[in-house]
Amino acid sequence: MRRYFKVLRLFWSTAIATELEYRLNFAIATVTSIANLVGSLFGLFLFYRTGYTFQGWSWQEATIVLGLFTLLQGFSATFLVPNLNSIVKQVEQGTLDFVLLKPISSQFWLSTKTISPWGLPDLLFGSILIVYAGNKLGLTWYDYLASLIPLGFGVVILYSLWFILGATSIWFVKVYNVTEVLRGLLEAGRYPMVAYPAIYRFFFTFIVPVAFLTTVPAQAMLNRNELSWSMGAAILAVVLFIFSVCFWQYALRFYTSASS
């Protein structure tokens with residue numbers, strides 16, 4: 001385990017040093033994040049400007065959901081997207097051979113090799129939005145901490161979905177279109193699940209588990225969460241993570257190296 005932490009520190013320090021050679025990109029990413037956040041807040045405002053509410057979700061409570069969505073969006077841009085693109089590139093160019101020969105888990109290597117600081121503004125602005133709305137609602141630090149466990153489950157679920165899609169590049173090589181479909185579906189996490197009709201709530205809970213990414217952590221923060229939802233998030237996170245590991249090992253059986 002200690003060796004993995006040393007490798008992780010080496011990976012991320014090298015990746016950040018490389019990315020910061022283009023510091024203007026960080027300013028552009030910050031402006032883009034602000035524009036996206038303003039657009040999301042404006043979209044939420046259009047619902048609430050006439051006194052309409054999402055079945056018991058006040059403006060501040062819905063803003064917390066949006067903040068969690070922004071937080072996970074930043075996590076994806078920082079950790080998931082660059083590594084997913086790397087998996088596709090490794091398979092396409094045949095350089096996955098060198099990864100498989102390394103004395104560490106290939107899934108760990110492919111999942112953590114690089115990091116993009118351009119997602120950090122979303123992480124920052126999402127946190128600010130959550131704290132701002134939480135202060136308006138009188139939340140305590142205990143309330144914030146209560147959401148960390150279901151949020152952690154949401155992160156594992158999100159990672160597992162992304163990596164499973166990345167593993168399909170063994171067969172399809174280019175999976176960019178599929179990832180865009182997933183990204184579009186995850187946009188539903190921008191609002192509480194009650195904002196959608198019943199059939200969509202079912203889809204975003206049991207088919208594409210968007211509800212476990214933002215709504216369930218928000219409910220835990222607001223002391224609304226039921227134990228069954230937390231248990232469901234935990235079970236789903238464990239099952240999807242184990243499935244991602246097994247699916248990757250299965251996919252490698254079909255990998256044709258660059259030399260063969």
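Author: A cavity is a set of points on a 1 Å grid over the protein atoms alone where a 1.4 Å probe fits but cannot get out; lining residues have an atom within 4 Å of a point. The model is predicted, and totals for linings use all residues, while local features need pLDDT of at least 70 and side-chain atom pairs 80 or more. Residues are numbered from 1 along each chain, and side-chain values use heavy atoms, without hydrogens or water.

Ser33, Asn36, Leu37, Ser40, Thr70, Gln73, Asp122 and Arg190 line this second space. H2 and H3 are the elements that give it two or more residues (helices are DSSP runs, H or I, of at least four residues). H2 gives the most, with four. By type, the lining of the second largest cavity has one nonpolar, five polar and two charged residues. Asp, Glu, Lys and Arg count as charged; Ala, Val, Leu, Ile, Met, Phe, Trp, Tyr, Cys and Pro as nonpolar; the others as polar.

Now the wider search. Two cavities of 30 Å³ or more turn up in the whole structure. Helices H3 (59-93), H5 (106-112) and H8 (148-167) each supply at least two residues. H3 gives the most to the lining of the largest cavity, with five.

Terms used. 1 Å grid on protein atoms, 1.4 Å probe; cavity = no way out; pocket = protein on both sides within 12 Å on 5 of 7 lines; lining within 4 Å. Points joined across faces, edges and corners; volume = space filled by probe spheres on them.
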